[in-house]
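Please look over the sequence and the model below. The paragraphs after them go from the whole chain to its sheet, then to a surface patch and a helix.

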Amino acid sequence: MEDKSISLVVTSPHYAEQRKSYYGGVSEKEYPEWTVKWMELLKPKLKDNASVCINIRPHIKNGEISDYVLRTRLALRNNGWIECEELMWYKPDSPPMGSINRPRRAWESVLWFSLTGKPYCNPKANGTESNRIGFEQSKFEESNDGYVHKGQNKAKSGIARCNDVIVCGTSKIEKGYNHPAMFPPDVPEYCIKLMTNEEDLVVDPFIGSGTTGRVAEKLNRRWIGFETNEEYKS
């Protein structure tokens, strides 16, 4: 792989000490350092405006949210990464996972990192048609002439910027693949459309059953995936 060739890394590495029977695991204590190491290997391969998206969520242990994801985020920042945004994958049909003493878990983070504060981003790539472009939704807005009531702004029609929430149920996960923790195609598709153009190179270093690669190919992007478990390779 050539230096400065990757436009986007989108992946879901195994969570700390979860599903160890399926694909091993990294301890919570070691997870930040482990993540910094594999992210460090990416640095020379990334384009100057490239992005890295990591799908992850901490678990609750003894009634408290585990802090390994928080410590990982801080460790990456200390290693020169800029955390550009925290996107949310909302699963409206998620199973009743998590503690019975907490609300049902229905979302996961997609953490967006880059080596620049201005990574490539096209927020209209996932946008939808709207007739309220430029419309001020709050009751008042401040202008040079003071406060004016809403309705005096003329709304326009066009493609609105996408939200920072990926709404996709777990029922959309592809069937027929031997993997215990797949994400649905909508998750990498959102990131790929948002952060790349056609023919750009997308990489998933923990590609599992190959969802990221299949989506990248459908969207006319080049892709490379890495997987150590032969059972999950598609």
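What percentage of the 234 residues of the protein chain count as buried? The figure is 41%. The model is a predicted one, and its protein chain holds 5 helices and 13 strands. The accessible surface of the chain comes to about 13,500 Å², and carbon and sulfur atoms account for 48% of that area. Taking the contacts between residues at least 6 apart in sequence, 68% join residues at least 24 apart.

An open sheet is formed by 7 strands with mixed pairing, and their order is 11-5-6-2-1-12-13. Strand 11 (165–167) and strand 13 (222–225) stand at its edges; each has a single partner strand, so one side of each has no neighbour in the sheet. Ignoring direction, neighbouring strands of this sheet are turned against each other by 20 degrees on average.

Within this order, strand 1 (residues 6–11) and strand 2 (residues 46–56) run parallel and are joined by 5 bridges.

Now consider the surface. Which residues form a nonpolar patch there? They are M88, Y90, W107, V165 and V167, with about 400 Å² of accessible area together. Strand 5 and strand 11 are the elements that give two or more residues to this patch. Is V167 buried or exposed? Its relative accessible area is 52%, so V167 counts as exposed, the cut-off for that class being over 50%.

Which residues of helix 5 (residues 211–218) are buried? They are T211, T212, G213, V215 and A216. After helix 5 comes N220, which has a positive phi near 65 degrees.

Notes
Residues are numbered from 1 along each chain as its sequence is written. This is a predicted model: local features need pLDDT of at least 70, side-chain atom pairs count only at pLDDT 80 or more; totals for chains, interfaces and linings use all residues. Side-chain values use heavy atoms; hydrogens and water are left out. Two strands pair if DSSP finds at least two bridges between them. Helices (H or I, at least four residues) and strands (E, at least two) are DSSP runs, numbered from the N terminus. Axes are lines fitted to C-alpha atoms, for helices over the stretch in contact, and angles run from 0 to 180 degrees between N-to-C directions. Patches are made of residues with over 30% relative accessible area and no salt bridge: like charges are joined within 9 Å, nonpolar side chains (Val, Leu, Ile, Met, Phe, Trp, Tyr) within 5 Å. Accessible areas come from the Shrake-Rupley method with a 1.4 Å probe; for residues, only the protein chains shown count as cover. A salt bridge is a side-chain nitrogen of Lys or Arg within 4 Å of a carboxyl oxygen of Asp or Glu. Buried means under 20% relative accessible area, exposed over 50%, partly exposed in between (1.4 Å probe, protein chains only). Contact means heavy atoms within 4.5 Å.
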